[in-house]
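Subject: Two-chain model for you

Hello,

Here is the structure I promised to pass on. Please have a look at it before reading my notes.

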Protein chains: 2
Amino acid sequence: LAADPPQSPQVGHKLTVAYLGTGYSGWQIQPGKNTVQAQLERALEKIWTQKISAQSSGRTDTGVHALGQTVSFTAPRRYTPSVLVRALNANLPEDIRVLKARLMPPEFHARFEAKGKTYEYHLLNHAVGDPFLLDRAWHVPQWLDDKAMRQAARLFLGKHDFASFTSNPGYERETTVRTVKTSKLTVQGDMMMYTVTADGFLYRMVRNLVGALVRVGLGKMTVEQCAKILQAQSRSIGPATAPAHGLYLVKVFY
Amino acid sequence: LAADPPQSPQVGHKLTVAYLGTGYSGWQIQPGKNTVQAQLERALEKIWTQKISAQSSGRTDTGVHALGQTVSFTAPRRYTPSVLVRALNANLPEDIRVLKARLMPPEFHARFEAKGKTYEYHLLNHAVGDPFLLDRAWHVPQWLDDKAMRQAARLFLGKHDFASFTSNPGYERETTVRTVKTSKLTVQGDMMMYTVTADGFLYRMVRNLVGALVRVGLGKMTVEQCAKILQAQSRSIGPATAPAHGLYLVKVFY
C-alpha cells in the first residue's frame, strides 16, 4: 500500500490589517452578509487554493473601523511576508488593506494570545458637521465640556468591574473585571479623540464608556454620577451606547 | 382691475459650502444625475417654497470635493444667516454642508465676481494604500521624488499661457493665460499635498498640473521637459490628467 503523501508542515501567520468598517457587517462571517473575515478568507483561498480559516483578535461590530487589527491563520509556508502582503492586497477590496505579515509558530492565535488592545473613539464637536467625517466620527453638535469629560475618563483607569459598561453581560465568559492602562481625551480644534488601552474589553465596552463621557460632556450627568455607575456594576443603569462609526481598533498587544 | 401684489425685494445670498464629491456627478444639474446643485436648489425650494437657482464659483467634476465652494442666489430676504445655515443643513444630505451664509447686494454672482481660487490636490505615496483615503487622495504606490516635484511646481508660478494644461481648449472662452500665485508641494509622512492659487483655472487645469508633477516624481519626465510642455502651449503634448478624487476646491476669493 502506498503511504499518503507527506503533508506540508503548517506555519502560523500573523497579519496586521486596516479596514474601513462602513461597508461591512463587522468582522465575523455571517451568511448573506459582507464581512471582513469573509473577504480575507476568500483572498487566502485564492492564494493557497484551499480553504483557510482566519481568526482576528476579536470581532468588530458593523461600521467599526480598524487601523491595526491582528489576524492569524495557519497554512503551508509558501510566501515570504512581503510577497504575501502584495498578493493579499491584490485580492482584497481596497477598503481592506493588509499592512504587514509575519511568520509565527503554528499555535499562534490572534485572540487567545492577545495581551491587550488600544481603541480610539473619534468625536466631532461642531455645530454644522463635516462631510469628510461622515461614518468616521460621531458628530455631536451641542457643546461638550471637555474638562469634565477628561475627569470622567480618569475614573476608568485601573482595575475595575466594568459590568455597567457591557451591552450584553450574558455574552461574557467569566469575569467583567478589566484593567485599563490608558483612558484619556485629547482635543484638536473641533475633534475629540478618546484613547483607551486595556488588557481586554467587554462587548461594546468602549462605545458604552464613550456614551457615558458624552453625557458628562453635555452636562446631563456629573462626574460623580459616572463614578457611581461604574461602582454599581450593573448595565441597567449604564448610559446609551455611542454609535459604531466613531470607533477604531488601533493596536493589539501580544 | 386689481394691481399685482408688490413683490418682495430680492436680496443676494452668499453661501460657503463643503461637500464630499464621491456621491455626486459634480456640481452642475444634469437630467437623471445626482448633483450638488440639484440638492442645493431642492433645499432652497423647500425653504422659500419657490424655485431658486443657485450659481457656484465654477463647476466641479464628478468626484471632486469642496472644502469651501461659494454659491450665490437671490431670494426675498426672510432669514438671518445663522437660521438659514441651520434650515439648509436640515434639508441637505449630510455629505453637503453649508458652513456660512451672508446677505449680499442682489447683483452678487459667485462665478462672475470671483477674483481667484485655491485648490488642493492630495496624494498618498505609500506601497499598500489606506482604506481611509479611498476617494479622498490619489494613491501612487511607486516612490515619488518630492524634490523634483517641488522644482516642477515652481515652474507654474506667475503669468503663463496654460493651454498645455487644459483638457478641452474649445471649452475655454477667450484666453488660456492665468496667473498662479501659489504652487507648492508639502509632504507629511506618506501624504503629499499640492496647493495652487490662481486668478482663475482652465478646465481640468489642476488635475493636469498634478498629472505632470507625478510624472516628474516618477522620473518619467524631467523638470526641463515639464518646462517645455508649459512653453509649448499645446494640450497635445500635455501629460495625463490626475484622477478627480484627489482634488479639493478650498477657497474662492472675491
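Some conventions come before the details. This is a predicted model, in which local features need pLDDT of at least 70 and side-chain atom pairs count only at pLDDT 80 or more, while totals for chains, interfaces and linings use all residues. Residues are numbered from 1 along each chain as its sequence is written, chains are lettered from A and ligands numbered from 1 in the order in which they are written, and side-chain values use heavy atoms, with hydrogens and water left out.

The same surface serves both copies: 100% of the contact residues of chain A recur in chain B (contact means heavy atoms within 4.5 Å).

Interface. Together the chains bury about 1600 Å², 72% of it on carbon and sulfur atoms (accessible area lost on being put together, 1.4 Å probe, summed over both). In chain A, V128(A), P131(A) and F132(A) lose the most area to chain B, together 43% of what that side buries.

There are zero salt bridges between the chains (a side-chain nitrogen of Lys or Arg within 4 Å of a carboxyl oxygen of Asp or Glu). Two residue pairs are in polar contact across the interface, both at pLDDT 80 or more (N or O atoms within 3.5 Å, one able to donate a hydrogen and the other to accept it; residues adjacent in sequence count only if both atoms are side-chain atoms).

Q233(A) is not a glycine, yet its phi is positive, about 50°. Q233(A) sits in the loop between α5 (223-232) and β10 (247-253) of chain A (DSSP runs numbered from the N terminus: helices H or I, at least four residues; strands E, at least two). Q233(A) counts as partly exposed because its relative accessibility is 44% (buried is under 20%, exposed over 50%, partly exposed in between; 1.4 Å probe, protein chains only).

R204(B), also not a glycine, has a positive phi near 60°. R204(B) lies in the loop between β9 (191-198) and α4 (205-217) of chain B. At 31% relative accessibility, R204(B) counts as partly exposed.

Best wishes

Methods
Buried area is the accessible area (1.4 Å probe) that two parts lose on being put together, summed over both.
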